[in-house]
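Subject: Structure handover

Hello,

Here is the structure for your files. My notes on salt bridges and cavities follow it.

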Amino acid sequence: MEIKKSLASLLAIAMLAGCSSGSAATSTAEASAAATDAATAAATAAADDGSQTKAAPAETGSKDIDKLTFQFVPSKDADVIITGTAGLDQLVIDEMAKKGYNIGSVDISVGTSYEATGEALAAGTIDVGWLPGGTYALYSDECDVILTATRNGLSNDSTNPADWNGEANATKKDGPQVTYYRTLIYATPSEYGKKLAEKVNNGEALTWDDLNQANWGVMNVSSSAGYIYPSLWLMNNYDGKKITDLDHVQTLDSYGSAFQQAAAESLDIIVCYADGRNDYEAAWTLPTDQQDDTGKQGMGRSDSIWNELNVIGVGDKIYNDTVAVTMANPDIYNTEFITALQDSLIDIIGTDEGKQIFSVYSHTGYQKAADSDYDIARAALKAVDEN
C-alpha cells in the first residue's frame, strides 16, 4: 500500500519539474544486466520482508451471481477494445455454467486510466480486471492475479535499436509463445525525431542532452511499457536519470493518442510496447477521414510506419499482462470461483472465437499465475519510486 501511495503521489508531483545533464549512454547489454540484477535483488528483499503477504481466498462462495463485471485498461482506444471483445460475455456465461455457476450477465467496460481500473478492483466496484504487470504490482495488496497472458513472440528480439528499423526489419507476430514483452522508445518523423533516428541508425550513442531536448509522450505512471520500463531504461543508461528528469514530457491518455501525435509530428519521442507499430501500421497511412478494420482513425502519413517511426531504445523484458480479481467481494475472491474462471478463460482463448476476441490485446493464451510472479514488477516500481 505504501509503494502505491508513494508512487502515485511523488511521481505525479515530480512530473512538474525537470533537470538536465550530459551523460553518454552505457551499452545495452550492461544496462540490461544491471536492470535484471537490481530488480532481482529488490524482489528478493521485498519477499523477505513479508510486505506482500495478503489474505488467502475463502474456499467457496455463492454459485449464483447476478452480474459479473470485467474491465480492461485503455492500452488501446476504448471503442477498439469494446468492439474487439464483443461476444466475450456470453462465452463466459456458457463456460462458467459448465462449472456450476449461474451468471446472470457479464458487463464489460474500459477504464479511464490504468490506475482507475486498479482502484476499481481495490474498491470492489469491478470483479475482474485485465492489468499490465506494473499496474497489478501497484495494486497487488488489494487484488490478486489469477492468470498471466501468453502471446506470440515477435520475429525480432534484438537489443540493438537499429535492428528494428526500416521495412526490411518489420516485425512479425510469428515467434514462439512467450510470457514477456518489451518496451521500445521510438523517434517520431518530426524534424528532431529524424535527427535522433539518424544517429541511432548510424551506430552513434544518444546523449542525455539529445534526449532531454526532445518532446516526449508517455503513459501514466503505472504503465509498464509506457512509463516504468522506459524510466528504467533511462536510469540504467543515463546515470540514474529517469522520465521525471526530462524537461519536456506529456502524459497521454492512450497509445492511440501517442501514435496520433507521432504522426502529426507534435512529439519527438513516444514509448510503447514492442508490437505497437504492428497494431497501428494500417492506420498510419490511411487518410485522416478513414478508419482501419479495427476502428483506428487514419493518420495521413505517406510512408510506412516501419520507415518513419524508428526505434532508438530497447527496454528490458516485461512480464506479461495479468487477469486479476478483486479481494473485496467474497463471491469472487474464493478458491472455487477463481479456479472456475481460470479454467473458463483458458478454455475460451483456446477456441478460434476466443483467440479472435483476445487478439485485441495480442493475447494468444493464458496460464495460471501466482502473486510472486510479479515480485520483479514490484521491484521495478520501487526502483522508479526511490531513485
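How far apart in helix α4 are glutamate 95 and lysine 98? They are three residues apart in helix α4 (residues 88–98), so about one helical turn separates them. Helices here (H or I, at least four residues) and strands (E, at least two) are DSSP runs, numbered from the N terminus.

First, the ground rules. This is a predicted model, in which local features need pLDDT of at least 70 and side-chain atom pairs count only at pLDDT 80 or more, while totals for chains, interfaces and linings use all residues. Residues are numbered from 1 along each chain as its sequence is written, and side-chain values use heavy atoms, with hydrogens and water left out.

**Salt bridges**

The structure holds 17 salt bridges (a side-chain nitrogen of Lys or Arg within 4 Å of a carboxyl oxygen of Asp or Glu). Glutamate 95 and lysine 98 form one of them, with the closest N and O atoms 3.0 Å apart. Glutamate 95 is buried, at 14% relative accessible area. Lysine 98 is exposed, at 63%. The cut-offs: buried is under 20% relative accessible area, exposed over 50%, partly exposed in between (1.4 Å probe, protein chains only).

Aspartate 157 pairs with arginine 182, closest N and O atoms 2.7 Å apart. Aspartate 157 sits in the loop between β4 (143–152) and β5 (177–178), and arginine 182 in strand β6 (residues 180–187), so this pair ties together parts 25 residues apart in sequence. Aspartate 157 is partly exposed, at 33%. Arginine 182 is buried, at 8%.

Arginine 378 and aspartate 371 also form a salt bridge (3.1 Å, N to O). Arginine 378 is buried at 4%, and aspartate 371 is buried at 17%.

**Cavities**

The search of the whole structure gave three cavities of 30 Å³ or more. A cavity is a set of points, on a 1 Å grid over the protein atoms alone, where a 1.4 Å probe fits but cannot get out; lining residues have an atom within 4 Å of a point. Points are joined across faces, edges and corners, and volume is the space filled by probe spheres set on them.

The largest cavity holds about 200 Å³. Its lining has 20 residues, with Ser75, Tyr181, Tyr255, Tyr273 and Asp321 nearest its centre. Helix α9 (residues 224–237) gives the most to this lining: three residues. The lining splits into 10 nonpolar, five polar and five charged residues. Nonpolar covers Ala, Val, Leu, Ile, Met, Phe, Trp, Tyr, Cys and Pro; charged covers Asp, Glu, Lys and Arg; the others, Gly among them, are polar.

Regards

Technical notes
On a 1 Å grid over the protein atoms alone, a cavity is a set of points where a 1.4 Å probe fits but cannot get out, and a pocket is an open set with protein on both sides within 12 Å along at least five of seven lines; lining residues have an atom within 4 Å of a point.
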